[in-house]
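Visitor: I have a chain open on my screen and would like to talk it through. Could you take me around it?

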Amino acid sequence: MTTQPRYYITRPGGTPTGPLSLDSLRVMAQQGVLSTDMLYCEEGGDEWKPVTEKVIIHHSRVVETPTPHVDKPDTRIVKSIVLLALGLTLCPLTFFPAVPALVYAVLSENAFTSLKYEESIRYSHSARTWVNVSTVVTFVQLLLYLVIILLLIFDR
């Protein structure tokens, strides 16, 4: 099995970012993240070359590449914040799984902003797991509240 080469990119005199797949470089070029003054180096190599030798950039845009567009992963940051607020107010047990949900959501946002797409996806999966746990815990608490209210009403 052959592994795909991975690359580091940088501006002259800047800090390298990577490793990135060729598909990631194409997506970055499509999104206007890459510019013609940037350099790339294959992982394990030591020769830096203009990034335009790897991807086609025309005024900071790719000219029709066949690579599909990669969307930003759903980090669940809004859901995490809502669940955390519920945990602080109405459903105290929700607080405990909502904290890691929010932490992973923020880590996913930061990784995406830092052009670490694979890392961002991993964090978003963890955020989704914790949001799901928080949702179940919230549902169980609300169900218990309903049972208690019904018991109080029909206990008269």
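Guide: The conversation below goes from the whole chain to individual elements and residues. Please note that this is a predicted model.

Visitor: How many helices and strands does the chain have?

Guide: The chain contains four helices and four strands. Read from the N terminus, its elements follow the order β-β-α-β-β-α-α-α.

Visitor: And what share of the residues is buried?

Guide: Of 156 residues, 30% count as buried. The accessible surface of the chain amounts to about 10000 Å², and carbon and sulfur atoms hold 63% of that surface.

Visitor: What lies between S1 and S2?

Guide: The two strands form a hairpin with six residues between them. Gly13, in the turn, has a positive phi of about 80°.

Visitor: Changing topic: which residues of H2 are buried?

Guide: They are Ser80, Leu83, Leu84 and Gly87. Viewed down the axis of H2, these buried residues fall within an arc of 105°, so they line one face of the helix.

Visitor: What about the other side of H2?

Guide: There, Val78 and Thr89 are exposed.

Visitor: What covers the buried residues of H2?

Guide: The cover includes helix H3, residues 95-113, and H4.

Visitor: How far does H2 itself reach?

Guide: H2 spans residues 77-89, which makes 13 residues, and reaches 18 Å from its first C-alpha to its last. That is close to the 18 Å expected at 1.5 Å a residue.

Visitor: On to H4. Is Gln141 buried or exposed?

Guide: Gln141, which is in helix H4, has a relative accessible area of 6%. It counts as buried because this value is under the 20% cut-off.

Visitor: Which residues does Gln141 touch?

Guide: Leaving aside residues up to four places away in sequence, Gln141 touches Cys91, Pro92, Leu93 and Thr94.

Visitor: And how is Leu142 placed?

Guide: Leu142 also lies in helix H4, residues 117-154. With a relative accessible area of 38%, Leu142 is partly exposed. With residues up to four places away in sequence not counted, Leu142 touches Leu90 and Cys91.

Visitor: How far apart are the C-alpha atoms of Leu142 and Leu90?

Guide: They are separated by 8.9 Å, while the two residues are 52 residues apart along the chain.

Methods. Residues numbered from 1 in each chain as written. Predicted model: local features only at pLDDT ≥ 70, side-chain atom pairs only at ≥ 80, totals over all residues. Heavy atoms only, no water. Buried < 20%, exposed > 50% of the residue type's maximum accessible area, 1.4 Å probe, protein only. Contact = heavy atoms within 4.5 Å. Pairing = 2+ DSSP bridges. Areas by Shrake-Rupley, 256 points an atom, 1.4 Å probe, with all protein chains shown as cover. Expected span 1.5 Å × (residues − 1). Arc of directions from axis to C-beta.
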